[in-house]
Amino acid sequence: MKNDPTIDIDIKRAPTSKIDSIDFENLKFGYIFTDHMMTCDYENGSWQTPKIMPYGPISMEPSAKVFHYGQAVFEGMKAFKDDQDQIWMFRPKDNFNRINISAKRMAIPEFPEDYFFTALDALLKMDKDWIKKGFGNSLYIRPFVIATEPGVSASPGTNYKFMIICSPAKSYYNGEVRVKFSENYSRAADGGVGFAKAAGNYGAQFYPTNLAKEEGYQQIIWTDANTHSFLEEAGTMNIFFRINDTLITTPTNDRILDGITRKSLIALAEENNINVEIRKVPVQEILDAAKEGILKEIFGTGTAATVNPISGFGYKGDKHELPKLTDSYATFFKDKLMKIQYNLAEDKHGWRYLVK
Ligand code: COI
């Protein structure tokens, strides 16, 4: 990770801070933003000088390609503050690599690593007071890229904006999460963009998720588009199943996001001698396991959600409740992971990144 002090960044500070007006104890995920944001334009074939400026509206022509063809990708990252006031990020290089993987799939030019880390570190240092100490408090960081070129011809833009905005966060989901296994709708298809954090992957889930909400579910677990018989991912989270004491999760492929929390959990499971099977997960296997009483847990993993237990699921009109365990893997992994993130446990894998 290259943070390069020789890189120029244009910095314009906010004249005043909004921080005193924020109720940090009652944050709804993703609605409050810090004082500053980073923005960098792609023009004439190259990324220009990154700028840090007061958070606020940007202006674009109504014909900008992002509005018409959805040429947009994003990432989700978090920063944490430890008891010594040091700021840490978790595996940010993986997010950086992934935004460029997503960008490539959407014909967006890749962003340089040294610009990314230099600007991100500067932004986090400017808004460091927004990162609150304490287990569970974090700063959610949202890098994204949009095609800004005006013009409605259906072709990739020549101009782009790379931006980073930051939002203080507590938990993503409040309360219990029940999921519906998708029977008809699909999130991603073979050869498509499911693996990318393309904005449209998320927007396309809203309508079927609204239908599921009317039936009392908060999320959908998407099934494969061809047969709807294998469970894939939850859209905002990768998904894990615990049958007896074995963890099962689906392999990543071109339909499934290569989740950073997902792969961290697999590593933590292996080093804690928990058996993990990475293989296709038939809906029928989960229904049978639930019937036999050996389906102990389902949980989702993601940057925003960390590790989120699922309390029940529905399929073809049947509703299934999951047992409430005192020794759940979800709690075990969430605790292990967060202790690494907050610099409270040894970081054997070199996952932590100190913002300097
Ligand atoms: C994340 O976990 O960062 C995500 O991208 C999920 C999000 C859509 C809130």
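Biologist: How much space lies in the second largest pocket?
Modeller: The second largest pocket holds about 570 Å³; a pocket is an open set of points on a 1 Å grid where a 1.4 Å probe fits, with protein on both sides within 12 Å along at least five of seven lines. This is a predicted model, in which local features need pLDDT of at least 70 and side-chain atom pairs pLDDT 80 or more, while totals for chains, interfaces and linings use all residues. Residues are numbered from 1 along each chain, and side-chain values use heavy atoms, without hydrogens or water.

Biologist: Which residues lie nearest its centre?
Modeller: Val 307, Asn 308, Pro 309, Ala 330 and Lys 334 do, out of 34 lining residues (an atom within 4 Å of a point).

Biologist: And the largest pocket, what is its volume?
Modeller: About 1,300 Å³. Its lining has 49 residues, and Phe 29, Arg 142, Tyr 172, Tyr 202 and Thr 236 are the closest to the centre.

Biologist: Turning to Arg 279, which residues does it touch?
Modeller: Leaving out residues up to four places away in sequence, Arg 279 touches Ile 248, Thr 249, Thr 250, Pro 251 and Glu 285 (heavy atoms within 4.5 Å).

Biologist: Why does Arg 279 count as partly exposed?
Modeller: Because its relative accessibility is 26%, and partly exposed covers the range between buried, under 20%, and exposed, over 50%, with a 1.4 Å probe and protein chains only.

Biologist: How far is Arg 279 from Gly 45?
Modeller: The two are 42 Å apart, C-alpha to C-alpha, and 234 residues apart in sequence.

Conventions. Grid points are joined across faces, edges and corners, and a volume is the space filled by probe spheres set on the points.
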